[in-house]
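This report describes selected features of one protein model. Please examine the sequence and the structure shown below before reading on.

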Amino acid sequence: MKKRIAVLRGDGVGKEVTKGAIEVLKAIAEQYNHEFTFQHALIGGVAIDTEGTPLPAETLEVCKQSDAVLLGAVGGPKWDKNPPHLRPEKGLLQIRKALNLYANVRPVTCFNSLLDASPLKHEVIENADFVIVRELTGGLYFGKPSGRTIEDGEEAAVDTLSYKRSEMKRIIEKAFDMAMSRKKKVTSVDKANVLESSRMWREVAEEVAVDYPDVSLEHMLVDNAAMQLIRNPRQFDVIVTENMFGDILSDEASMLTGSLGMLPSASLSTDGPSLFEPIHGSAPDIAGKDIANPIATILSAAMLLRLSFGLEEEARAVEKAVDEVLAAGHRTADITDSLQRAISTTEMVGKIKEALVEDGAISNIMSAYA
Ligand code: IPM
Ligand code: MG
């Protein structure tokens, strides 16, 4: 199979972790006889510095010409004081909108070998396995008006939470489709006791549920959901929610797996190429030190193989290699309490490449999410 992958390394640890994921993808290509080509383009702070904009037109073009996009992370203190349109994060929001990446899929799987890395008790997290389906191109991140204004003669700031019915419907349908190949349960998370957008979201969820008689739907208020994720994460199968609630809940959920450095994500497009990125940020404090955990990006590459290229066996080979390496006790600094024994980013990537096996044995570490 011949495929083109656009690589947007971005800022901070983004460079290091995408390098690792590319190495793993190259190893897979060699092992399974595929031809993957990688085209690099700029996004985020590095794009601001060299091109004067966080998402250059050329970058968008490279992405549109590709079969899938792999992204590292954007942002850093250097650009924190920039005006809103010159912030690295703006590039990420623009690319999500421009490529119609409406569905952000964030699987939360607790590796048994990592139970000790989580601050939560074994019995709470063991076998937790759910997926957060986060709406990605609407809500507070994109609503208008947004900006500074004057209220009662003094400065005020406004952000707007707005969704069209069609936008709610397509993301909720995505969640139900996913539930069909999983445990057939959808938890729709909202704040319907306060927000009108949430009340409509509930209505739409009820309407969609009619077409999926085998899937059970429950509604949960977002504050309760934040608590339930810690109290009993095993109760969840597919969580669907609006953009900002999903952003917050997925960072929280990552701690069940031991580290933000473990969680991959896919941002699925309505029409063009999809984008794959770790849920973590650019971690400027550890950037360039070769100590970042590359696993979230490597697992994102596995999602890319599965969801964009339909390469299920190859995706599982990557996930299995990660599982084996963790089971063998190899840890980057974020998932070990014994820093002396922590291995570097480069070493972790090397271990995962070594563990890639050709037998294609089915690993059950990740449930279906598409
Ligand atoms: C994420 C990140 C982004 C978001 C930031 C960097 C804009 O936190 O992908 O979760 O809020 O969506
Ligand atoms: Mg986030």
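## Surroundings of the ligand

Ligand 1 is surrounded by E89, L92, R96, R106, R134, Y141 and D247; a residue is listed here if one of its heavy atoms lies within 4 Å of the ligand. The model is predicted: local features need pLDDT of at least 70 and side-chain atom pairs pLDDT 80 or more, whereas totals for chains, interfaces and linings use all residues. Residues are numbered from 1 along each chain as its sequence is written, chains are lettered from A and ligands numbered from 1 in the order in which they are written, and side-chain values use heavy atoms, without hydrogens and water.

Oxygen atoms of ligand 1 take part in several polar contacts, a polar contact being a pair of N or O atoms within 3.5 Å; within protein, one must be able to donate a hydrogen and the other to accept it, and residues adjacent in sequence count only if both atoms are side-chain atoms. The distance is 2.7 Å for the side chain of R96, 3.0 Å for that of R106 and 2.8 Å for that of D247. Taken alone, ligand 1 exposes 320 Å², of which the protein buries 78% (Shrake-Rupley method, 1.4 Å probe; for residues, only the protein chains shown count as cover).

## Salt bridges

By the rule used here, a salt bridge is a side-chain nitrogen of Lys or Arg within 4 Å of a carboxyl oxygen of Asp or Glu, and the count comes to 21. E23 forms one with K353, with the closest N and O atoms 2.8 Å apart. This pair links helix α1 to helix α12, across 330 residues of the chain (helices, H or I, at least four residues, and strands, E, at least two, are DSSP runs numbered from the N terminus).

R182 and D237 also meet in a salt bridge, at 2.7 Å from N to O. R182 is in the loop between α6 and β8, and D237 is in the loop between α8 and β10. Both count as buried, R182 at 11% relative accessibility and D237 at 1%; buried means under 20% relative accessible area, exposed over 50% and partly exposed in between (1.4 Å probe, protein chains only).

## A buried arginine

R331 is placed in the loop between α11 and α12. R331 is buried yet has no salt bridge. Its side chain reaches the backbone oxygen of S113 at 2.8 Å and that of L326 at 2.8 Å.

Conventions
Lys and Arg count as positive and Asp and Glu as negative; His and the chain ends are not counted.
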